[in-house]
Amino acid sequence: MRKILVTEEGYKRLQEELEYLVRNKRREVAERLKEAKGFGDLTENSEYEDAKNEQAFVEGRIAQINEILSRAEIIAGNNTSDAVGVGSLVTLRDVVSGEVFEYRLVSSIESDPLSNLISYESPLGTAILNRKLGEKVRVEIPRGELEYEIVDVK
């Protein structure tokens, strides 16, 4: 079985999500199912069908999180080096526009580009992984190529 790299924060978030799903969400869905059964014929009961779909989603997510946690390998943040590693908070400057971006490099299961969490397996993550402060990197994207300078690594 292949290990799944995850930061300590990501591992904790997964544990919290699992606890919420098992302790709270399962109970809520069970209540919805019980209530929907009271509406009569289950073959034409949209509330029941909706609750069953939600139950399937919740149980699927619980199984998925359990699988991730069982295969997780927690990676420590890279605090002792000026090289970018998984867990590093990286500040990049676009060489052309001068615009500055800050990203945390995380595993693919933790990535959330809208929260500036990018996967080390993404094109940008791959380009900056193991690179050092002051280095310039090029990133191929569908609409061309971008060039960044690594201006800070924490």
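Helices (H or I, at least four residues) and strands (E, at least two) are DSSP runs, numbered from the N terminus. On that basis the protein chain reads β-α-α-β-β-β-β-α-β-β along the sequence. The totals are three helices and seven strands. The model is predicted: local features need pLDDT of at least 70, side-chain atom pairs count only at pLDDT 80 or more, and totals for chains, interfaces and linings use all residues. Residues are numbered from 1 along each chain as its sequence is written, and side-chain values use heavy atoms, with hydrogens and water left out.

The overall dimensions come next. Along the principal axes, the C-alpha atoms of the protein chain fill a box of roughly 65 × 35 × 25 Å. The radius of gyration of the protein chain is 21 Å, whereas a compact globule of 154 residues would have a value near 15 Å. This radius is taken over C-alpha atoms, and the globule rule is 2.2 Å times the number of residues to the power 0.38. Buried residues make up 36% of the 154 residues in the protein chain. Here buried means under 20% relative accessible area, exposed over 50%, and partly exposed in between (1.4 Å probe, protein chains only). Contact means heavy atoms within 4.5 Å. Among contacts between residues at least 6 apart in sequence, 50% join residues at least 24 apart.

Helix α1 spans residues 8-37 and has 30 residues. From its first C-alpha to its last, α1 reaches 42 Å, close to the 44 Å expected at 1.5 Å a residue. The expected span is 1.5 Å times one less than the number of residues in the helix. A kink of about 40° in α1 is centred on Leu 21. The bend at a residue is the angle between axes fitted to the seven residues ending there and the seven starting there. Leu 21 is also one of the buried residues of α1. The buried residues of α1 pack against β1 (4-7), α2 (46-71) and β2 (72-75).

Arg 71 is found in helix α2. Its relative accessible area is 19%, so Arg 71 counts as buried. Leaving aside neighbours within four places in sequence, Arg 71 is in contact with Met 1, Arg 2, Lys 3 and Ile 4.

Five strands form an open sheet of mixed pairing, in the order β5-β4-β3-β7-β6. Strands β5 and β6 stand at the edges with a single partner strand each, so one side of each is left without a neighbour in the sheet. The twist averages 45° from one strand to the next. Axes are lines fitted to C-alpha atoms, for helices over the stretch in contact, and angles run from 0 to 180 degrees between N-to-C directions. Two strands pair if DSSP finds at least two bridges between them. Strands β3 (residues 89-94) and β7 (residues 144-153) pair in the antiparallel sense over five bridges. Val 90 has Val 153 in β7 as its bridge partner.

Two loop residues other than glycine carry a positive phi. Phi of Asn 116 is near 65°. Asn 116 lies in the loop between β4 (100-106) and β5 (117-119). Its relative accessibility is 37%, so Asn 116 counts as partly exposed. Phi of Asn 130 is near 70°. Asn 130 lies in the loop between α3 (123-128) and β6 (136-141). Asn 130 is exposed, with a relative accessible area of 57%.
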